[in-house]
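This report describes how the parts of one protein chain are arranged. Look at the sequence and the structure first, then read on.

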Amino acid sequence: MNKAAEIFNKPSTYIPFIAIVLGLLCGGIVMWIGGYNPFEAYGALWKTVFGTKYDFGETIVAITPILFTGLAVGFAFRTGIFNIGADGQYIIGMTAATFIGLKVHLPAFIHAPLALIVGMLCGALWGALVGWLKAYRGVNEVISAIMLNWIALYLSNYILRDFLVKKGEQKTPNIDETASLSIGWLKDFMEGARMDWGIWIGLLCVVIFYVLLWRTKQGYELRAVGHNADAAKAAGINIKASFIKTMMISGAFAGLGGVFSVLGVFHYQVVQAASAGYGFDGIAVALLGGNHPVGILLGAILFGGLTYGSAGMNFEADVPSEIVRIVIGSIIFFVASHGLIRTVIQPLFKKRKSRERKGADMNGNVG
């Protein structure tokens, strides 16, 4: 009980919540300046997310890829690596799953798991390449990951155009039904929303993230490297192996996001001029969630809800959907500017602690 009280008495616990409130407030001010009614706009956003089963289901669809890329970025952050390459790992996982879904023909109980595993492993290997370059060639992971994002995009387009897409088209045929990870009965229950196994595997990954990092020896070593690589090396931890393991696990999380995008939601893949940006949204979600799996889950719920709900703001309140990006950008700004928020709320906590201390002293004197 005392431990829980200590956690909630720390200013850092409240920073993400304060950042969200300030972000929504900034968005409201921008709407007001633009001549829009912020209360009507936020009401329309809420109604779009929770108005019908279909909308709620599609909100979950919007949350899922951001959850996976958020876990990918957060896991790497926890071990001292900035994985800005989740976007590329997402694309590689998606393309590998598409290839297996179209070119391999097997019974459903083999085909779907095989496509999932291949996509996840390809994302893991793409991430491991960043770790290997950092460990054995001293290449900064930010530089290599950014470059690999573009390589992943154009490699994916090459594979699609030359092996999977019919001439003159920009979209692959639908994957075999046996490779689908959609949940038919849940789709019917949610009034046609594209429900799949993605969110459930995502929740499982939240648990795996926590257990692996805080309940295993391997996780302790990875976190030790993140805290102080030199001290970890002096303690006998293999730093190079840790870099590669971290990026493999991180890439696997991101790759799974791409896998479920194809196998669970769309059932096809398109040739892209640019990436959808889920990897970069994952950075924001990891930052908002404090790189903790539960925090990342909550951050993904917020970002997914804002993203899907922005359509309602547009249609019902006539507010440009770009306003939501301003809200999200403001939230990220305030989370990143935690020093500013801490400066404002720190005195409040000091006054509170001072009052508690005086109260304890008075009780002691009375006793």
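Helix H6 (residues 108–137) packs against helix H12 (residues 239–266) at an angle of about 145°, and their axes are 6 Å apart. The crossing of H6 and H12 is right-handed. In the contact of H6 with H12 there are 19 nonpolar, six polar and two charged residues. The model is a predicted one.

**The fold as a whole**

The protein has 16 helices and zero strands. Of its 367 residues, 47% are buried. Taking contacts between residues at least 6 apart in sequence, 78% of them join residues at least 24 apart.

**Helix pairs**

Two packed helices are described by the angle between their axes and the distance between the axes.

| Helix pair | Angle between axes | Distance between axes |
|---|---|---|
| H6 and H12 | about 145° | 6 Å |
| H10 and H12 | about 105° | 10 Å |
| H4 and H13 | about 60° | 7 Å |

How are H10 and H12 oriented, roughly parallel or roughly perpendicular to each other? Helix H10 covers residues 217–227, and its angle to H12 is about 105°. Angles of 65 to 115 degrees count as roughly perpendicular, so H10 and H12 are roughly perpendicular to each other. On the H10 side, the contact is made by Gln218, Leu222 and Val225. On the H12 side, Ile239, Ser242, Phe243, Lys245 and Thr246 take part. By class, the contact of H10 with H12 has four nonpolar, three polar and one charged residues.

H4 and H13 pack at an angle of about 60°, and they are therefore oblique to each other. The crossing of H4 and H13 is right-handed. From H4, the contact is made by Pro65, Ile66, Thr69, Gly70, Val73, Gly74 and Phe77. From H13, the residues are Tyr278, Gly279, Asp281, Gly282, Ile283, Val285 and Ala286. The contact of H4 with H13 divides into eight nonpolar, five polar and one charged residues.

**Helix H13 and what follows it**

How many of the residues of H13 are buried? Eight of the 11 are, and H13 is mostly covered. The buried residues in H13 are Gly279, Asp281, Gly282, Ile283, Ala284, Val285, Ala286 and Leu288. Among the residues of H13 that touch H4 are Gly279, Asp281 and Gly282.

After H13 comes Gly290, which has a positive phi near 65°. Asn291 lies in the loop between H13 and helix H14 (293–317). Phi of Asn291 is near 60°, a positive value in a residue other than glycine. Most residues other than glycine have a negative phi. Asn291 has a relative accessibility of 18% and therefore counts as buried, because buried means under 20%.

His267 also has a positive phi, near 70°, and is a residue other than glycine. His267 is found in the loop between H12 and helix H13 (278–288). Is His267 buried or partly exposed? With a relative accessible area of 21%, His267 is partly exposed.

Phe68 lies in helix H4 (residues 53–78). Phe68 has 0% relative accessibility, so this residue counts as buried. Which residues does Phe68 touch, not counting residues up to four places away in sequence? They are Gly198, Ile201, Gly202, Cys205, Phe253, Ala254, Leu256, Gly257 and Phe260. One of these contacts, Phe260, is 192 residues from Phe68 along the chain, yet the C-alpha atoms of Phe68 and Phe260 are separated by 9.9 Å.

Thr172 is found in a loop, the one between helix H7 (141–164) and helix H8 (184–189). Thr172 also counts as buried, because its relative accessibility is 0%. Leaving aside neighbours within four places in sequence, Thr172 is in contact with Thr98, Leu102, Leu160, Leu164, Val165, Tyr268 and Gln269.

**Cysteines**

How many disulfides does a search of the whole structure find? The search finds zero. Cys26 has a relative accessible area of 25%, so Cys26 is partly exposed. Cys122, at 27% relative accessibility, also counts as partly exposed.

Terms used:
Residues numbered from 1 in each chain as written. Predicted model: local features only at pLDDT ≥ 70, side-chain atom pairs only at ≥ 80, totals over all residues. Heavy atoms only, no water. Helix = DSSP H or I, 4+ residues; strand = E, 2+ residues; numbered from the N terminus. Buried < 20%, exposed > 50% of the residue type's maximum accessible area, 1.4 Å probe, protein only. Contact = heavy atoms within 4.5 Å. Axes fitted to C-alpha atoms, helices over the stretch in contact; angles between N-to-C directions. Left-handed = near helix turned anticlockwise from the far one by under 90°. Nonpolar A, V, L, I, M, F, W, Y, C, P; charged D, E, K, R; others polar. Parallel < 35°, antiparallel > 145°, perpendicular 65-115°, else oblique. Disulfide = S-S within 2.5 Å.
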